[in-house]
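Please look over the sequence and the model below before turning to the notes.

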Amino acid sequence: MNDATYVPGAARRRRVGAVALALSALVLVSACGGPFPQSAMDPASDMATRLQDLFAGILWWAIGVFVIVEGALLVGIFKYRDRRVGPADGERAEPRHMHGNTLLELAWTLAPALVLVFIAVPTMTTIWDVDRLTTDPDALTIEVIGHQWWWEFRYPDYDLITANEAYIPEGRTVEFLLTSADVIHSFWVPRLAGKRDVMPGHETHLWFTADSVGRFTGQCAEFCGLSHALMKLEVVVATPEDFAAWVEAQTQPSPVLQAAAEADTIEAPQTRTELAREVVADQEEPGGAAEAEAEEAAGPAAQDTDLATIIEEGQQLLMTKGCIACHRIQGTPAAGVLGPDLSHVGSRRTIAAGILENTTENMIRWLRDPGEVKPGALMPALQLSEEELRTLAAYLRSLE
Amino acid sequence: MTSATMSQTHDAAGAGAAHDGHDDHAYWSGGPMSWITTVDHKRIGVMYFVSAFVFFLVGGLEALLIRAQLGSPENTVLSADLYNQLFTMHGTTMVFLALMPLSAAFFNFIIPLQIGARDVAFPRLNAFSFWVFLFGGLLLNASFLFGGAPDAGWFGYANLTSTQYSTGMRVDFWVFGLQVLGVSSIAASLNFIVTIINLRAPGLKFMRLPTFTWMTLITSFLLILAFPAITVGLVMLMFDRTFGTGFFNPAMGGDVLLWQHLFWIFGHPEVYILILPAFGIISEVIPTFSRKTLFGYPFIIYSGILIAFLGFGVWAHHMFAVGLGPIANSVFSAATMLIAIPTGVKIFNWIATMWGGKLRLDSPLLFAVGFVAMFIIGGLSGVMHSSPPTDLQQTDTYFVVAHFHYVLFGGSMFALFAGIYYWFPKVTGRLMSEALAKTHFWIMFIGFNLTFFPMHWLGMHGLPRRTFTYQAGLGFEAMNLMATVGSFILGGSMLIFVWNLLRSTRKGRVAGPNPWAAPTLEWSLPSPPPHYNYRTIPTIEHRDPLWREGGEALDPEATGAPEPVMPSPSLWPIGLAAAIVIGAVGGLTQSLPVVLAGGALIFVCVFGWAFQPLER
């Protein structure tokens, strides 16, 4: 009764060709869209390598099954397709009804079961290797506290607190103890480790040993509210020496503040300024260059403003604008705990939890209206004048 | 007393059925009032379909807005706030307002016809289920007009849903909307369980039931067992938000993980609630268009049952990143992998059914084959994250988004389209345009793969889900653009479908009772079926009644028996549904008078319902 028309062979082949083309284009584009600096498939630690190896193994099984089953489907369709054009006329032989075949059923029940054994065994061994607690007595402990929408890192061994950028030593086991100050987050640095949820009222664990030096980005992987997409972080894997130097620097007030404090005790403003300048020159690193940049950006009027004044005025703003209620800066009265520790904010590569490059313009943009950069951010717009913005930004950027 | 055992006197009083003129027996004739008061399963099925399809288009539109935003890095088409509302509503809409009720549309229209019944066991309860679903869906979407839609994700993880972190009524709309929808699902499921068990035609033993009926039965059991879990969670959340309890508040000794367990004990069976009806449709379409009976019928049935059982033991595979420990992760991983076996058995049996057949690649089979091909991909990526260590890199990334769209769109939606093209002639008496159907298929197939295939890579390369933006330089640009282009192609294919649907309803070729030469009982009826379905209830002696010797001659209309009496229309079901939603509105606005008014109306409606005779 059905007289639907059939597509002639050539058109059909064209369609099949188009689909094949589209599908291979998919694979192609997917393969060369990179580079992918945050890819789980480019592991840089023992754990991430285990996970990637396991994934690669399962992927090959999946590709094998895919080819066999999709192949059988396609062969079936092309082989048994009723190619006649026109209505069914009832004259051809009807296919023989086959109600089943127990042997076949048994075979295709056991075959996938067998494949699953090959997937399950390495899965189980990997679970028991990566999911247990670490037994390494030399493991470095880092406490991670998730906040809407930034990361707090505490190094209890060193009495060190920082935010959004964590340094870890290469080749040493690091154990993260994770918990949350508000809602559920998930700690994920794909090249170093799989995810681990960060929950209020629970402490979770994650440990691995990084095997190459570098900066590894990650971001929150559990939906945690308005700016979930803007909750990023960086883990910096450093050589043991660089790590030790970093710890040393982080556990003290920023050099400019130290210098300022020393100068204060001498009570000689001139000397104080010089000292501060020396320190800046010592830094040499991007921070130093950026500092010069910042002074330039601040315009001719600010060129006279030396670092000492910036520090003095910045300190003033810190106190009067309420920053100290939430932020901690070593070497100053600022000892708030609600927001990120800013003791060395100038040394970080990014601000606002990995969202903005750490430049003076971006710092000003953030200070002017945090909610514009990060919708829903708890930090209020402080209603600062342009000059105050410049001063505070320069002050914060000087905290290396 | 059920409709199928009604006495045989003619009843002309029913406003739901007009008996005059040429369309004497068309179930759809009658004015708007006859639709509002109808208890005819076929009309309810059609109303389910239309409402669910409109919700499907709304959910699709939300998806296109999401894709427009993600087409380029740091795009500003949508604000973070609007994006979060849209992805939440996209998920909630597609699961609760599109896929489930589209399946329900098929249950309603097809099941009584397939088992030789004149209606479902409880026709008014059936109407009630539909109206509750419709009102619940409207309630959820009304949130857009009152301070914004829910924005905590379709999974609503605690404690983001607490009043502290979700102010306003957004989450309340979600909490009350889902509870209302749960009422609809449970009522409908109980109805179908009773219908399938009790209203089978004589001789229609369980192992002769059509596969679609079997899968409906299993799905209904899943629903009544799974929904209580989320209901418990929703009630706790409602108490937390309304009365300040602390079930999910760690500061008060509550536990955020409790919600995850409750949600996924519902949430994973829910996946099978969405896919088993698709399995049923496919198991009807493939034999019909292969001209060959279903291969391994008992294995397909038992696999469905096994999947449903195992579905209750795998919920924690959604929680591998929580850190439940190696023992829990191993157990849930193994249970999850087991599900691949019965699923594979089904796929092999479908292929074996086609093997050696005479395949006519008409639109239903085309979509069915598309289903099998895409579902294999979704199944294989599922096996990948059944392995907890692998899942640690995949969960909450676009890899998972790709996976479940291959299962729920490449799977469920392809199958539902197969079902629509297959049963459309039975519903309307007309055939849909094959040319448009095939165009629809190929554009949808290409758009679908272009949208979702790159997402596997996006996830593996480190892009988390539910992010309203992404920064340039991480390699996400090209694939996201590709997905966005694909999604608009996919959206375009829907226009072709809608055009075909609207046009064929009026201008399609007249189908006749059995245009596909299909084997199951519904095809023995005229198309469209008369409002009473079967003038005489047939006796069944075979699994494929229309394919057995002389089966084509089966014609329930030919017996000349008097027209059966059908239940009268009633206003109480829609009234009760409205009363429940009024109560829910009172709850979410925390207005005691409205709650009490809703409660009083519920009482009145139940009373009126109970004392209104079934036949008047």
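Two residues are in contact if their C-beta atoms, placed from the backbone, lie within 7 Å. By that criterion, residues 24 or more positions apart account for 66% of the contacts in chain A with a separation of 6 or more. The model is predicted, so local features need pLDDT of at least 70 and side-chain atom pairs count only at pLDDT 80 or more, while totals for chains, interfaces and linings use all residues. Residues are numbered from 1 along each chain as its sequence is written, and chains are lettered from A and ligands numbered from 1 in the order in which they are written.

**Confidence**

- The model has an ipTM of 0.91 and a pTM of 0.91.
- For chain B the mean pLDDT (the predictor's confidence in each residue, from 0 to 100) is 93, and 96% of the residues of chain B reach 70 or more.
- Residues 1–22 of chain B have pLDDT below 50, and this stretch makes 51 contacts in the model beyond near neighbours in sequence.
- Where pLDDT is low, the predicted coordinates should not be read in detail.

**Chain A**

- Chain A contains 12 helices and 12 strands; helices (H or I, at least four residues) and strands (E, at least two) are DSSP runs, numbered from the N terminus.
- Of its 400 residues, 41% are buried; a residue is buried if 20 or more other C-beta atoms lie within 10 Å of its own, exposed if 12 or fewer, and partly exposed in between, with C-beta atoms placed from the backbone.
- Helix 3 of chain A (residues 102–130) has 29 residues and extends 42 Å from its first C-alpha to its last, close to the expected 42 Å at 1.5 Å a residue; the expected span of a helix is 1.5 Å times one less than its number of residues.
- Buried residues of helix 3 of chain A include Trp108(A), Leu116(A) and Ile127(A).
- The buried residues of this helix 3 pack against helix 2 (46–80) of chain A and against helix 8, helix 9, helix 10 and helix 11 of chain B.
- Strand 1 (residues 140–147) and strand 5 (residues 173–180) of chain A run parallel and are joined by 7 bridges; two strands pair if DSSP finds at least two bridges between them.
- Within this pairing, Ile145(A) has Thr179(A) of strand 5 as its bridge partner.
- Strand 5 of chain A also pairs with strand 8 (residues 204–209) of chain A, in the antiparallel sense over 6 bridges, and Phe176(A) stands opposite Leu206(A) of strand 8.

**Chain B**

- Chain B has 16 helices and 0 strands.
- The C-alpha trace of chain B spans about 70 × 65 × 45 Å along its principal axes.
- Buried residues make up 66% of the 616 residues in chain B.
- Among contacts in chain B between residues at least 6 apart in sequence, 81% join residues at least 24 apart.
- Helix 2 of chain B (residues 41–70) is largely enclosed by the rest of the structure, because 21 of its 30 residues are buried.

**Contact between the chains**

- Chain B contributes 91 residues to the contact and chain A contributes 88 residues.
- On the side of chain B that touches chain A, helix 9 of chain B gives the most, with 15 residues.
- That side of chain B divides into 53 nonpolar, 28 polar and 10 charged residues; Ala, Val, Leu, Ile, Met, Phe, Trp, Tyr, Cys and Pro count as nonpolar, Asp, Glu, Lys and Arg as charged, and the others, Gly among them, as polar.
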